[in-house]
Amino acid sequence: LAAIFPDWLEHYEELVESAGLANDISLIMLCYAVILAPICEELIFRGVIMQSARRALPFWLANTMQALLFGIFHMNMIQGCYAFALGLVLGYVCYRGGSIYYSIFMHFLFNFWGTIISQFLEGIDETLLILLMIGSTILSLSFGFLLFYFGGKRKEQKRLRSQAQS
């Protein structure tokens, strides 16, 4: 997107710099970006908005709606586009896992990677960077499949308990 729309990248870089994320991150900004924002955003977008929309809409439409609002919430096109895609994934994780805790944890990891880890990777050898990305992708996918497996079992157990009580 930055190559196609350089103005978007310029606006995004100004936003990152004005937020204090361009250089050394303060402890307060770290706590906000990595801990507080994922919790609050998940409770609002996947908790309140998606769950409320699911009462009247099919999952795919409720998920798309909350992801679109999540993208708009970030108030710039670069973040808005990847926040929309992330919102779709987090909505699916929340739905399939049967708990908002899974999407909060994934959001936490995403923000941690973007704010902390990315600073340590500046100037690293490209081959090592690719290996680190492949390794982290394999670990993340493995962990994600485990979460889906156990979350799906938990969701099924809840469903069976509610049927037994009826």
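The secondary structure of the chain comprises 6 helices and 0 strands, where helices (H or I, at least four residues) and strands (E, at least two) are DSSP runs numbered from the N terminus. The order of elements from the N terminus is α-α-α-α-α-α. The model is predicted, and local features need pLDDT of at least 70, side-chain atom pairs count only at pLDDT 80 or more, and totals for chains, interfaces and linings use all residues. Residues are numbered from 1 along each chain as its sequence is written, and side-chain values use heavy atoms, with hydrogens and water left out.

The C-alpha trace of the chain spans about 60 × 35 × 35 Å along its principal axes. Of the 166 residues in the chain, 25% are buried; buried means under 20% relative accessible area, exposed over 50%, and partly exposed in between (1.4 Å probe, protein chains only).

Helix α2 covers residues 27-54 and has a kink of about 45 degrees at Leu36, shortly before the proline Pro38. The bend at a residue is the angle between axes fitted to the seven residues ending there and the seven starting there. The buried residues of α2 include Ala33, Val34, Ala37 and Pro38. Glu41, Glu42 and Arg46 are also among the buried residues of this helix. The backbone oxygen of Ala33 lies 2.7 Å from a polar atom of the Asn111 side chain; a polar contact is a pair of N or O atoms within 3.5 Å, in which, within protein, one must be able to donate a hydrogen and the other to accept it, and residues adjacent in sequence count only if both atoms are side-chain atoms. Asn111 is found in helix α5 and counts as buried, at 15% relative accessibility.

A search of the whole structure finds 0 disulfides, a disulfide being a pair of cysteine sulfur atoms within 2.5 Å. Cys31 is in no disulfide, and the nearest cysteine sulfur, that of Cys40, is 13 Å away. This distance is too far for a bond between Cys40 and Cys31. Cys31 is partly exposed at 37% relative accessibility, and Cys40 is partly exposed with a relative accessible area of 36%.

Met75 is placed in the loop between α3 (59-73) and α4. Met75 is not a glycine, yet has a positive phi of about 60 degrees. At 71% relative accessibility, Met75 counts as exposed.

The second largest pocket has a volume of about 740 Å³. The elements giving two or more residues to its lining are α4 (77-97), α5 (100-120) and α6 (126-165). On a 1 Å grid over the protein atoms alone, a pocket is an open set of points where a 1.4 Å probe fits, with protein on both sides within 12 Å along at least five of seven lines, and lining residues have an atom within 4 Å of a point. Grid points are joined across faces, edges and corners, and a volume is the space filled by probe spheres set on the points.

The pocket is lined by 22 residues, of which Met106, Leu109, Ser136, Ser140 and Leu141 lie nearest its centre. Helix α6 gives the most to this lining, with 10 residues. The lining divides into 18 nonpolar, 4 polar and no charged residues; Ala, Val, Leu, Ile, Met, Phe, Trp, Tyr, Cys and Pro count as nonpolar, Asp, Glu, Lys and Arg as charged, and the others, Gly among them, as polar.

Ile130 is in helix α6 and is partly exposed, with a relative accessible area of 43%. Ile130 and Ser162 are 32 residues apart in sequence and 47 Å apart in space, C-alpha to C-alpha.
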